[in-house]
Amino acid sequence: MSESSGDYDYNPLYLAGSVPNIDVFFPINDPLVGSLYPSPITLKGVTFKKRIFVALMCMYSSNKEYTADWHLVHLGTMAVRRVGAICMEATAVVAEGRIGPEDASLWADSQIPPLQRVVRFGHSQGIKVGVQLAHAGREASIFSP
Ligand SMILES: Cc1cc2nc3c(=O)[nH]c(=O)nc-3n(C[C@H](O)[C@H](O)[C@H](O)COP(=O)(O)O)c2cc1C
C-alpha cells in the first residue's frame with residue numbers, strides 16, 4: 001500500500017512493544033528512559049529500579065473528591081522518567097479529615113478507579129507507587145489552603 005492511500009504497511013520492526021499483562025496500550029520504552037542513578041536498591045525485600053524517590057506533594061487538584069487527570073500527568077511524567085518510586089499525595093480517609101476540599105480522597109469505593117489509573121500507569125513503567133493515607137486532624141478545613 002502507498003502512504004497516500006491512507007493505508008500503511010506496518011513493519012513490526014519499527015513498532016514499540018507494549019507493556020504486557022495490562023488491558024490497555026502503554027509503550028514499553030525499552031531501553032529505559034533516563035540514566036540518572038540507575039543502580040537498583042532493595043529495602044525490606046522490595047527492589048526499586050532507581051534510587052530517586054519522588055516526595056509526596058499535595059496538589060489540591062482533585063475533581064470534586066476524585067483523582068483527576070492532573071494527578072496522572074503530574075505523577076505520570078515522573079513515572080516515565082523512571083524514578084524508583086512515586087507516592088500519591090496525602091490522601092484523605094474521611095471527608096472531614098481533608099486539608100482542603102480539593103485534597104486527594106479515598107473514603108469511597110467509587111474513588112478507587114481514578115486513583116487506580118495513576119497507580120496502574122506507574123506500574124506500567126516498572127516503578128513502585130505508594131499512597132499516603134492521611135487525616136489532617138485539627139488542621140482540617142473546608143477552605144482551600
Ligand atoms: C508542593 C509540596 C507538597 C507537599 N505535599 C506533601 C504531602 O502531601 N505529604 C507529605 O507528607 N509531605 C508533603 N510535602 C513535603 C515533602 O514531601 C517533603 O517532605 C519536603 O519537601 C521536604 O523534603 P526534603 O526533606 O527532602 O527537603 C510537600 C512538599 C511540597 C513542596
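## Basis of the model

The structure is a predicted model, in which local features need pLDDT of at least 70, side-chain atom pairs count only at pLDDT 80 or more, and totals for chains, interfaces and linings use all residues. Residues are numbered from 1 along each chain as its sequence is written. The term pLDDT denotes the predictor's confidence in each residue, from 0 to 100. For this chain the mean pLDDT is 87, and 84% of the residues reach 70 or more. Over residues 1-5, the pLDDT falls below 50, and this stretch has four contacts in the model beyond near neighbours in sequence. Two residues are in contact if their C-beta atoms, placed from the backbone, lie within 7 Å.

## Overall fold

The chain contains two helices and five strands. Helices (H or I, at least four residues) and strands (E, at least two) are DSSP runs, numbered from the N terminus. Read from the N terminus on, the order of the elements is β-β-α-β-β-α-β. Of the contacts between residues at least 6 apart in sequence, 69% join residues at least 24 apart.

Burial is judged by counting C-beta atoms placed from the backbone: a residue is buried if 20 or more others lie within 10 Å of its own, exposed if 12 or fewer, and partly exposed in between. Of the 145 residues in the chain, 20% are buried.

## The largest nonpolar core

A nonpolar core is a set of buried Ala, Val, Leu, Ile, Met, Phe, Trp, Tyr and Cys residues joined through C-beta atoms within 7 Å. The largest such core has 16 residues, and A79, I86, V118 and I127 touch the most other members. Two or more residues each come from helix 1 (69-79), strand 3 (85-92) and helix 2 (112-124). Strand 3 contributes the most, namely five residues.

Which residues does I127 touch, not counting those up to four places away in sequence? They are K49, A79, R82, V83, G84, A85, I86 and G122.

## Helix 2

Helix 2 has 13 residues, which at 1.5 Å a residue should span 18 Å; its end C-alpha atoms are 18 Å apart, so the two values agree. The expected span is 1.5 Å times one less than the number of residues. Buried residues of helix 2 are L115, V118, F121, G122 and S124. An α-helix has 3.6 residues a turn, so residues three or four places apart point the same way. The cover over the buried residues of helix 2 includes helix 1, strand 3 and strand 5 (128-134). Just after helix 2, G126 takes a positive phi of about 80°.

## Surroundings of the ligand

A residue counts as near a molecule if its C-beta atom, placed from the backbone, lies within 6 Å of it. The residues surrounding the ligand are A55, L56, M57, C58, E89, A90 and Q132. By class, this shell has five nonpolar, one polar and one charged residues. In this classification Ala, Val, Leu, Ile, Met, Phe, Trp, Tyr, Cys and Pro count as nonpolar, Asp, Glu, Lys and Arg as charged, and the others, Gly among them, as polar.

| Pair | Separation in sequence | C-alpha to C-alpha distance |
|---|---|---|
| A92 and L133 | 41 residues | 6.1 Å |
| F143 and G100 | 43 residues | 5.3 Å |
| R138 and I99 | 39 residues | 9.3 Å |

A92 is placed in strand 3. This residue is buried because 23 other C-beta atoms lie within 10 Å. Leaving aside neighbours within four places in sequence, the contacts of A92 are G97, R98, D103, A104, S105, W107, A134 and H135.

F143 is found in the segment after strand 5. With 7 C-beta neighbours inside 10 Å, F143 counts as exposed. R138 also lies in the segment after strand 5, and R138 is exposed, with 5 other C-beta atoms within 10 Å.

## Positive phi outside glycine

N21 is not a glycine, although its phi is positive at about 65°. The location of N21 is the segment before strand 1 (41-43). Is N21 buried or exposed? N21 counts as exposed because it has 6 C-beta neighbours inside 10 Å.

K44, another residue other than glycine, has a positive phi near 50°. K44 is found in the loop between strand 1 and strand 2 (46-48). With 4 other C-beta atoms within 10 Å, K44 is exposed.
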